[in-house]
Amino acid sequence: IDQLRKEKNVIEDIYKKLKKELEDKQKSVEDTIKHAGEAYIQRNFAEEQLRELQEKAEKQKNEFNEECKKINDNIKRDKKFKEFIKSKHKEREELENLEKLIQKNQKKIEENEELENLEKLIQKNQKKIEEKEQSNKALDNEYQLSAQKEEEIKKAFERIKAETGVIDPPEKLLEVFNNLYHKNITMEKFV
């Protein structure tokens, strides 16, 4: 009987140890499942944040490209306008020279037999001069507007430089955006 009691005690001890070990294993499995669930949720959250960051970066890149395109178009338009203004200034100088010649020759014309024909020519030239002066005034106004646009463009470039931290030409800005895009792709691969 003593022998059986000893064996029973040994078996009960073994049973208790196994039961405790089973409970520990079950608790460990539950903890592992819980941690796996939390890791899954965190992974989904990180993927969502990454997707949002990528969309934001793409949107910023598109906005930047559009703004650069607008600025380049404005610059091209301003260059053409400045060339046009220069040509108008040359015409204006030619007209002023013609006016001076007409004034110099006016005394000679008065003595000439063709006085009436020359006076008509002078009147036509004066009308042309007035028309050119009016068009030059309009061009001056356009030139002032162009100068204002140029100032706005410069301010826009300064704002872009300030926001991106890039001081060099637009190629450097594109390089910065490309680097950020590649970093986002690398982060996505690690997740």
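Trainee: Where do E12 and K8 lie, and how far apart are they in the helix?

Mentor: In this predicted model, both sit in helix α1 (residues 2–111), 4 residues apart, or about one turn of the helix. They form a salt bridge, with the closest N and O atoms 3.8 Å apart. The cut-off for calling a salt bridge is within 4 Å. E12 is partly exposed, at 33% relative accessible area.

Trainee: What separates R43 and E47 in helix α1?

Mentor: About one helical turn, because R43 and E47 are 4 residues apart in helix α1. Their salt bridge has its closest N and O atoms 3.5 Å apart. R43 counts as partly exposed at 37% relative accessibility, and E47 does too, at 31%.

Trainee: Which parts does the salt bridge of E91 and K132 tie together?

Mentor: Start with the contact: the side chains of E91 and K132 meet at 3.3 Å, N to O. E91 belongs to helix α1 and K132 to helix α2, so the pair ties together parts 41 residues apart in sequence. E91 is partly exposed at 29%, and K132 is partly exposed at 30%. There's a network here as well: salt bridges link K88, E91 and K132.

Trainee: How many salt bridges does a search of the whole structure find?

Mentor: It finds 4.

Trainee: And which residues form the positive surface patch?

Mentor: Residues in a patch need over 30% relative accessible area and no salt bridge. Here the patch is made by K120, K124, K127 and K128. Take K128: it's placed in helix α2 (residues 115–164), and it's partly exposed, with a relative accessible area of 47%.

Note on methods
Residues are numbered from 1 along each chain as its sequence is written. This is a predicted model: local features need pLDDT of at least 70, side-chain atom pairs count only at pLDDT 80 or more; totals for chains, interfaces and linings use all residues. Side-chain values use heavy atoms; hydrogens and water are left out. Patches are made of residues with over 30% relative accessible area and no salt bridge: like charges are joined within 9 Å, nonpolar side chains (Val, Leu, Ile, Met, Phe, Trp, Tyr) within 5 Å. Accessible areas come from the Shrake-Rupley method with a 1.4 Å probe; for residues, only the protein chains shown count as cover. Lys and Arg count as positive and Asp and Glu as negative; His and the chain ends are not counted. The place of a charge is taken as NZ of Lys, CZ of Arg, CG of Asp or CD of Glu. Helices (H or I, at least four residues) and strands (E, at least two) are DSSP runs, numbered from the N terminus. Buried means under 20% relative accessible area, exposed over 50%, partly exposed in between (1.4 Å probe, protein chains only).
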